[in-house]
Amino acid sequence: MTLPTTHVSFPAGAVTGESTVLAVHPLDGGRYAVVTGATPFHPLDHTWPDQPADLGTLTVDGVELAVVDCLTGAVGPDGGPVLVGADIPVRRGDEEWSWLVLHVLAADPGDIVGRTAALAVDAARRGALSASHSGCHLLALALNEALAPRWRKDPGRTDAFGHPDFDSLAMASSVMDTEASTDTYRLGKSLRKKGFTAEATEEFPALADALPELTEAVNRRLAGWVAADAPVRIDVPGPELTARREWHCELPEGAARIFCGGTHLHHLGELAELRTELRLSEDGSELVAVTRPKRA
């Protein structure tokens, strides 16, 4: 069975919606995936699972069903089974494939195909995840700025403000939850070859010794951006799940842009505070940033 790519409304901040149930598919563990034509739910991205899936409810004919997970699925051009997560053999967004939001239920919902479903995301949880995700992007920009003097040469990639893009060049993993975002950066040979210096030079101390000063500089910049109450939006070229979306934030220094498939705040005044903690591993091979937003 060929299904159309799911249309999503979460980039605009939607947490409710109605749509026709197109299919129900059994999953491992006795769970079931419900596919609708459109949804406000944000699924876990199978290629870069940084933001956890939305949870919530799906109501059909007055019966409320708990959505216990939300995953990305895909169906090939010739139909066939719905593939989930790591089982998908093609790159995200392959135009010959249909890309689906799978609303995961703990039990068989029965014969609901063709019925209208009312979809409702847990809005409080979504808001907390959005705050962490926006904080993650702001941390990236502030950290890039603070570490800019440590580049001996142009690494060939810069951020929206022209600083060497340490965040993307060194990124090993990025994970967010309702409390914080945790970004892990690898400080290995590859990064040094690109020009980054963690060792002491005549200009600055070793990264380990400079960490308190760097943390203070990053947090000072974050505090200024929060105080500016900068507006945030997601630019969306189309409603499809696989549309290449871009996060925009109108900061005092100019417009910041980062490609992103997650959800976000509408303006930074929704935060009372945003602070990060920088930690360096004992062997100096990894830098970890834990960034905690405090809602206003």
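Trainee: Where is R244 found?
Mentor: R244 sits in the loop between β13 (232–235) and β14. Strands are DSSP runs of E with at least two residues, helices are runs of H or I with at least four, and both are numbered from the N terminus. Remember that this is a predicted model, where local features need pLDDT of at least 70, side-chain atom pairs count only at pLDDT 80 or more, and totals for chains, interfaces and linings use all residues. Residues are numbered from 1 along each chain as its sequence is written, and side-chain values use heavy atoms, with hydrogens and water left out.

Trainee: Why is R244 called exposed?
Mentor: Its relative accessible area is 58%. Exposed means over 50%, buried under 20%, and partly exposed in between (1.4 Å probe, protein chains only). So R244, at 58%, counts as exposed.

Trainee: What is R244 in contact with, leaving aside its neighbours within four places in sequence?
Mentor: D235, P237 and F259. Contact means heavy atoms within 4.5 Å.

Trainee: Why does R279 count as partly exposed?
Mentor: R279 is in strand β16. Its relative accessibility is 40%, so R279 counts as partly exposed. Leaving aside neighbours within four places in sequence, R279 is in contact with L211, E286, L287, V288 and V290.

Trainee: What makes E213 a bend in α4?
Mentor: Axes are fitted to the seven residues ending at a residue and the seven starting there, and the bend is the angle between them. At E213 that angle is about 35 degrees.

Trainee: Which elements do the buried residues of α4 pack against?
Mentor: They pack against α1, β14 (246–251), β16 (271–280) and β17 (286–295). Among these buried residues are L207, L211 and W225.

Trainee: What makes a space a pocket rather than a cavity?
Mentor: On a 1 Å grid over the protein atoms alone, a cavity is a set of points where a 1.4 Å probe fits but cannot get out. A pocket is an open set with protein on both sides within 12 Å along at least five of seven lines. The largest pocket holds about 940 Å³. Lining residues have an atom within 4 Å of a point. There are 36 of them, and W48, I258, F259, C260 and G261 are the closest to the centre.

Conventions. Grid points are joined across faces, edges and corners, and a volume is the space filled by probe spheres set on the points.
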